[in-house]
Amino acid sequence: VVYWHQFGGAQLDAMTQLVTTFNETNEYGITVEPIAQGNYGDIANLMNAGIISGELPNLVAGFGNNAASYFADGAAVDLTPFFDSAAWGLGDMADDFRSDLLSFNTLPTGELVAFPHQTSAQVLAYNQTLLTELGFDAPPADLAAFREQACAAAAYTGANGEDVQGFPITTDPSLFESFVSSQGGQIFDGEAYLFDSEIVTTVFQLYADLYAEGCGYIPAERFAEQADFARGLNPFFATSTAGFTFVVQGFVDSGYVADWSVTTFPHAEGTETLQVFIPSIILVGGTPEEQVASWLFLKSLVSAEAGALWSSSTGYFSASRAGAASLTDADAFGAPQIFPYFEAASAKLNDATVAIYSGPSIAAQNAVRGFISEAIAAVTSNGVAVEEAVATLQAQATEALAGS
């Protein structure tokens, strides 16, 4: 089984261990050959070339929208029959598996096109030490408090004369979607894009107002907002849970000490939401025997033991509930310095009152994400009216969907 993946560092070490264990212990003589192929963009380019040449792996890393594109080209397999199989299905692991993740990798036409063996989440990291200095006893729970705290930070000068800023505005489309979903909105309803909705317009107006009023700023370079946070120069910023190690290291490098934690985005009443990212594995054809062999490897990744190893080694949430439950304290966690933040995010992920959101798993989403970034730049640094930017985005998204 040839598996193209994107892992490096601790993730590569953990996956190598899981592959080795599977190769040495599976009863069928299956051998998985993992091959690092760069980042997700590199892999997508290789896949698109392979679809033309016919030289494809058995398994490949990707997100739901990648899988949707490959499926449309006849190069991804519907996993539903494997889950439903009496012979090869999850069996005793079915109740432990996070089946709630499957809907995010399922096409509108019903095909399950990617296997969700891990997840991360987008959270709001907040500096409670700074917020206390500003007169706030908790991070913002709604947009009104969010505006107030961001503006208070932007008007604040630290004890050592440092110029504190407000909320870092990036053109990250996932950040935008987190704001929209946390207000009870959506950008896609299964059939059409909904950028001309009231909630989406409200979020764009938030971006525009924060920038115009000096309560938000555009980071100088990629990840500058993370470095600013670790120096006490902004009150909160958006991060993936997979980035906790970098945030912790930022505090070490800066020497700044703060009481910080993570929470969900400011939300409307009853719409607290956590956006999850689901880096998945896609089954890419092959003979029936190769497909079953590939599936058996996928299944091995969500055992309780594999799940615990993956989470403790990488900081990603596994698809095994038992695996996550076994990591109950820092001593059981392979990266104890990030355990408190992993635990805080995990509590939100497993809170029944918090909705789970993930971006649309459709081929058009690849292009639409770029259009969202352009619209964010338009309403902030380019000074375009929100109504105009929304109308342009809606037209672009509708055209991309029609052409996909």
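At 24% relative accessibility, Tyr256 is partly exposed. Keep in mind that this is a predicted model.

Q: Why does Tyr256 count as partly exposed?
A: Buried needs under 20% and exposed needs over 50%. Tyr256 comes out at 24%, so it is partly exposed.

Q: What makes Phe251 buried?
A: Its relative accessible area is 9%, and the cut-off is under 20%, so Phe251 is buried.

Q: Why is the pair of Phe251 and Tyr256 called stacked?
A: Ring centres have to lie within 6.5 Å, with planes under 30 degrees apart. Here the centres are 6.1 Å apart and the planes sit at 20 degrees, so the pair is stacked.

Q: How do you know that Phe146 and Phe236 are stacked?
A: Their ring centres are 5.1 Å apart and their planes are at 20 degrees, so they pass too.

Q: What makes Phe146 and Phe236 buried or exposed?
A: Phe146 has 0% relative accessibility, so it counts as buried. Phe236 is also at 0%, so it is buried. Both belong to one aromatic cluster, with Phe167 and Tyr207 among the other members.

Q: Why is Gln6 called buried?
A: Gln6 sits in the loop between β1 and α1. Its relative accessible area is 17%, under the 20% limit, so Gln6 is buried.

Technical notes. Residues numbered from 1 in each chain as written. Predicted model: local features only at pLDDT ≥ 70, side-chain atom pairs only at ≥ 80, totals over all residues. Heavy atoms only, no water. Phe/Tyr/Trp six-rings, centres within 6.5 Å; stacked < 30°, edge-to-face > 60°. Buried < 20%, exposed > 50% of the residue type's maximum accessible area, 1.4 Å probe, protein only. Helix = DSSP H or I, 4+ residues; strand = E, 2+ residues; numbered from the N terminus.
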